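Have the sequence and the 3D view open as you read.

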Amino acid sequence: MDPLFVFWINFTEFGVKDKDTVSLRCGFASNHQYLFGRISMKIKLIPGDSAGTVTAFYMNSDTDKVRDEVDFEFLGNRSGQPYTVQTNVFAHGKGDREQRINLWFDPAAEFHTYSILWNRFHVIFYVDQVPIRVFKNNEARGVPFPMHQPMGVYSTLWEADDWATRGGLEKIDWSKAPFYAYYKDFDIEGCPVVPTGGRPSNCSSNLNNWWEGPAYQQLDPIQARSYRWVRLNHLIYDYCTDKSRYPVAPPECSAGI
């Protein structure tokens, strides 16, 4: 297993007024970067009133304007409201591909497994082995895909009450702080990139890497049925159908699974 390192960011770096309450952002990260593979973590999210918080589990290339990133963002809620998970994909610095799912269980009551499979063919987001999103490689159609930059693994808990809950209408109730999310059973199976940089020659084309094998190049029939069930019953936002942002749907939106 890749060891993790913990980090935090002080309020004073952002000029936040209530700096004595809690830290603005904290998290942990892998020590290495990977080019393709699968990451998974069991997470129990913030219980009770978590409005305005975001708990994120993601991969990031750490390359600023040309960054690649694939992420889960769990958007805090008022007590009694469903927890929403937002997924997004950045490739070559281009993001704005948000989709949101209302989870069909209480993710603060017990641990659930969140996974990302990333190979040359697609990025798939899973919740308890149920696929909730598929982002296919459509580079042939001119759509950027995170194909060439290795990414590290991160998780953060941070304040985002300007947008996270009901578009920013619900603010953090600091009297409920501190806010805790719980993690266990981190697992990564991927192609590591050496710390000095570079791209191992077998990362993108070696079928001995199980995540590149035929069984992982598309959803199987059972996974496809589960995927359709999620999309039909729990999808609450999809950038592909947001006419105010995209009067003409982006080309990847018609690619299917």
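## The annotated active site

An unreviewed UniProt entry puts its "active site" annotation on E69 and E73. Keep in mind that the model you're looking at is predicted. E69 is found in strand β4, which runs over residues 69-75, and E73 lies in strand β4 too.

Buried or exposed, then, for E69? The relative accessible area of E69 is 8%, so this residue counts as buried. Around E69 you'll find Y58, M59, N60, N88, V89, F90 and M151, leaving out residues up to four places away in sequence. Of these contacts, take a look at N60: the side chains of E69 and N60 are joined by a polar contact of 2.4 Å.

E73 comes in at 11% relative accessible area, and because buried means under 20%, E73 is buried. What does E73 touch, once neighbours within four places in sequence are left aside? The contacts of E73 are V54, T55, A56, T84, V85, Q86, W158 and W163.

## Aromatic pairs

How many aromatic pairs are there? The count comes to 15. One of them brings together F74 and Y114: the ring centres are 4.7 Å apart and the planes sit at 65°, which is over 60, so the pair is edge-to-face. F74 belongs to strand β4 and Y114 to strand β7 (residues 112-118), so this pair ties together parts that are 40 residues apart in sequence. F74 has a relative accessibility of 1%, so F74 is buried. Y114 is buried as well, at a relative accessible area of 0%.

Another edge-to-face pair is made by W210 and Y216, with 4.8 Å from centre to centre and 65° between the planes.

## Lysines over rings

Two lysines are worth a click here. K44 lies over the face of Y182, and the distance to the ring centre is 5.4 Å. K184 has its charged end over the ring of F111, at 4.6 Å from the centre of that ring.

## The annotated glycosylation site

For "glycosylation site", UniProt lists N77, again from an unreviewed entry. Where is N77? N77 has its place in the loop between β4 and β5, the latter being residues 84-90.

With a relative accessible area of 7%, N77 is under the 20% cut-off and so counts as buried. Not counting residues up to four places away in sequence, N77 touches G48, D49, S50, A51, P82, Y83 and T165.

Which mean pLDDT does the protein have? The mean is 87, and 86% of the residues reach 70 or more.

Residues 9-23 are a stretch to treat separately: pLDDT stays under 50 there. For these residues the model has 20 contacts beyond four places in sequence.

Terms used. Residues are numbered from 1 along each chain as its sequence is written. This is a predicted model: local features need pLDDT of at least 70, side-chain atom pairs count only at pLDDT 80 or more; totals for chains, interfaces and linings use all residues. Side-chain values use heavy atoms; hydrogens and water are left out. UniProt positions are given in the numbering used here, feature names are shortened, and annotations may be inferred rather than shown by experiment. Helices (H or I, at least four residues) and strands (E, at least two) are DSSP runs, numbered from the N terminus. Buried means under 20% relative accessible area, exposed over 50%, partly exposed in between (1.4 Å probe, protein chains only). Contact means heavy atoms within 4.5 Å. A polar contact is a pair of N or O atoms within 3.5 Å; within protein, one must be able to donate a hydrogen and the other to accept it, and residues adjacent in sequence count only if both atoms are side-chain atoms. Rings of Phe, Tyr and Trp (its six-membered ring) pair if their centres lie within 6.5 Å; planes under 30 degrees apart count as stacked, over 60 as edge-to-face and the rest as tilted. A charge sits over a ring if NZ of Lys or CZ of Arg is within 6 Å of the ring centre and within 35 degrees of the ring normal. pLDDT is the predictor's confidence in each residue, from 0 to 100.
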